Structure formats: structure tokens, C-alpha cells
Amino acid sequence: MGCTALVLGLTGTTSAQAQARDLGRQTLGTNDGWGSYGTGTTGGAAADAAHVYTVTDWAGFKAALADGGSAPKIIRVRGTIRADEPGCASFAVPGYDFATYLKTYDPAVWGRTKNLDGEPADSPEGLRRASAAHQASYVEANVPANTTIIGIGKDAGFQGANLMIKGVDNVIVRNLRFQSALDCFPQWDPTDTAVGNWNSEYDDVTIYGGTHVWMDHNTFTDGDHPDSSLPSYYGRIYEQHDGEMDIVKGSDLITASWNVFADHDKTTLIGNSDGAATAAIDRGHLRVTLHHNLYTNVLERAPRVRFGKVDSYDNHFVVGGADYVYSYGVGMESQIVAEHNAFTLPDGVKAGTILKKWKEAPITADDNYVNGEPVDLIAVHNAQVPSETLQSGAGWTPTLRTKVDPAQAVPGIVDHCAGAGHLR
């Protein structure tokens, strides 16, 4: 059975209905995850003819976003839109020199006890900050409320862009291929871990205080710049990627369905800090549903959760190898329900690694299958990592679900139907 027929059978939609519908005007279905709660998620479905755009380049895309403010709009993306064509050199401010940066902040010179936040504007770090700001102003695109962004055909998407769904309500993003933005100016933090770290900006999609968002049938990869291609400095990988889809700063009522997250390290962060100021924003928010997504060769944060009520069901996790860290990160006051998921693990990766405990927070993890067999993820975790004992029972029961597929059937369904190019 093909993907189209399979999805139609699951949803009860007839072939005639599928052919007649305008995908740009589709809205999130009733009870389809947290995004359907309350007023639901309709994006730009109500757009008039003057606010329907077809774009083929970055300038045209940004112009379409800006036109009409928050009036309902549909933006159809044709082909691959590149936000990285100017190149890193074009973003650097006069005086910035990476060799000088490396020499100045070499741990043998600078040490590892003080970060670079206090460095003045004319210092190598100050010039790096200014260069980073130039890049951000170009590669970040702010999505307004009441917007649908949808790819036309099988090859539509963005390379090197960061879509910002910041402080707005009612956004739909579908059928797009995202190749991760490459941060030209990562910051060295000597105090991040005992040996320091390079920290980067730019997710493919950042939901920052956004509400009622539907991310559907998208594909996220590192494209031409996988982590394996990145150099190392000071003994640490020069990390130029951030997340693929991060959900932070009081964002709420999100459904992410039928997406592919591939070949990436830190994939999805839900809640970005344990701190008191962040907690005041995030408590009672960060309600997210993740269903029928394919996570293939992602190393961690699938997702890592703080504070949120996260419902994750009918997803397939295909673990690549020894670099794998974990899938579900159990963080501060998180309430994760992980049910009916399938995990495909290679030899040498144990099922107890699937869960990772950061803070004391009970989790519900029922009816999950590993390599075709039912596995109690909490029990195997506690046996494998007794120093990080997890408690069962997230304290809530999801009700906003459409058809729930048996975990045994999930690989066959998700692998064939998730991602860009499979939306019909």
C-alpha cells in the first residue's frame, strides 16, 4: 500500500476528498494534539487572494512574511530557498579575525574559569558578537501570526535559514525540507563543562513564545554540513549547529506530526533552562504533542523536556550507532507521556539508554517496542543506570489524540509516510 492510500485509510479521507482539498488551506484536525486545544490551529486558511504568495528566493519569502502584518496569509515555497548564499565572510565585521580569536581565548592563555561575556566591543569576542548579529539579521525570518507556510512539490524547503515563530499565535509549517543553518561565528565558553564548549545559534525552526503551532510533514537534516565535517579547536568540536526544532520561552499548544528529524545531535529542546526566571514563564505552558515522527540517527534531545506536558506517541526512533546519547530527556518538572513508540537499536546500544534523567520528574512510558519486542523503558533504564532511578506516572492522561496505531506497526507506517514530499 502506498503512503497516500495508507494515510487516507488511517484518517478516513476518501481519494476524491484528497484531490479536491487545497493543502494550503488545511487546518489542524479536531483532537490532533495540543495544537488543536482551545481555538485550534488554522494558520492562514482564511487568507484572501491578495495574501496568497508563491516564493522562490529568500528576499521574496521575507517580503511575503512582512506584507499585510498578521492578516491571514498562505506562503507557498517552490524549490530550495537559500539563506546562506552570501557566505560567512560577508557577515564578518571589519577587524574580525578567527585566528586572533583562537589565540586570545586559548585555554592555555585565558584559562577555564571565566566566560567571555564581559569582553568589550573592540575585543575579538566583541567583534565576533557583532559579526554574529549581522548573520542573525539575515538568516532569521520572523513568521507573523495567522500564517501557513507550505512547500509545493517534493523538493521545496530552506537551506541555512532559521524560521522564528516568536510571540505569535496560529502558525502552520508543512511539507518543507530544512537544511540546518550553519553558525559562522560560534562562541567559545571555557566554563561550559570542565573542558569548555563551542556554542552555536540558529535552529531550523525556533518556536519562542509561540502558541497554536502545527509542524507537519517536514524533513530536518544537517544537509551539506554534518557534524562529522566540522573541525575541532581547543580539543572540542567547533559546533556550528543548534537544534532542528526548539520550543522555548512559554511556547504552548504545539502539534508536531509526520516529520523526519535526521542526522543531527541536539534535536528538540522543550524548555531551555531550569532557572527561576524561565520557570516563571514556562510553568503551565510548553504543552506539546509529538506523533508519527521519524527520528533517524539523532543523538539526543528527541526531545529533552523541562516543565512541559509532552505527549509523544507513535514515533519511530532509528538509532545510528555508538555516538547515540539518549532519546527522551527527563528534565525539571517535566511531565512526559511516551507511549506506543518503536525503537530500532543497533548492536551495542542498550534499551536503558533511551531515557535520560536530568531532574526528578516521573514519566509515563507504556507500550513501547524495541527491535520488535515490548520493553518497559523505565525498568530497563533503572536496571542499567541505577544512579538515575526514574519514577513512573507523569500525572496526566492525554486525550487529544486521533487514531493511535499499534507500536508494532509504527515503523512500517512512519518510515513510509513521514517527511516532506509525502503530503497529499
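What share of the contacts in the protein between residues at least 6 apart in sequence join residues at least 24 apart? I looked this up and got 75%. I took contact to mean heavy atoms within 4.5 Å.

**Ground rules**

I am working with a predicted model, in which local features need pLDDT of at least 70, side-chain atom pairs count only at pLDDT 80 or more, and totals for chains, interfaces and linings use all residues. I number residues from 1 along each chain as its sequence is written, and side-chain values use heavy atoms, with hydrogens and water left out.

**Whole protein**

I found 9 helices and 30 strands in the protein. Helices (H or I, at least four residues) and strands (E, at least two) are DSSP runs, numbered from the N terminus.

Along the principal axes, the C-alpha atoms fill a box of roughly 65 × 60 × 40 Å.

I noted that 55% of the 424 residues are buried. Buried means under 20% relative accessible area, exposed over 50%, and partly exposed in between (1.4 Å probe, protein chains only). The protein exposes about 16,600 Å², and carbon and sulfur atoms supply 52% of it. Such areas come from the Shrake-Rupley method with a 1.4 Å probe; for residues, only the protein chains shown count as cover.

**Largest pocket**

I first wrote down the terms. On a 1 Å grid over the protein atoms alone, a cavity is a set of points where a 1.4 Å probe fits but cannot get out, and a pocket is an open set with protein on both sides within 12 Å along at least five of seven lines; lining residues have an atom within 4 Å of a point. Grid points are joined across faces, edges and corners, and a volume is the space filled by probe spheres set on the points.

The largest pocket has a volume of about 950 Å³. Of its 37 lining residues, Asn199, Ser200, Glu201, His241 and Asp242 are the closest to the centre. Helix H6 (124-139) is one of the elements that give two or more residues to this lining, and H6 supplies the largest share, 5 residues. I sorted the lining into 11 nonpolar, 9 polar and 17 charged residues. Here Ala, Val, Leu, Ile, Met, Phe, Trp, Tyr, Cys and Pro count as nonpolar, Asp, Glu, Lys and Arg as charged, and the others, Gly among them, as polar.

**Largest cavity**

I counted 1 cavity of 30 Å³ or more. The largest cavity has a volume of about 40 Å³. Its lining includes Asn297, Val319 and Tyr324. E20 gives the most to this lining, with 3 residues. The lining divides into 6 nonpolar, 2 polar and no charged residues.

Val319 lies in the loop between E23 and strand E24 (328-330). Is Val319 buried or exposed? Val319 counts as buried, at 8% relative accessibility. Its C-alpha atom is separated by 5.1 Å from that of Asn297, 22 residues apart along the chain.

**Gly210**

I found Gly210 in the loop between E10 and strand E11 (211-216). Gly210 is buried, with a relative accessible area of 0%. Leaving aside neighbours within four places in sequence, Gly210 is in contact with residues including Ile165, Ser251 and Ile254.
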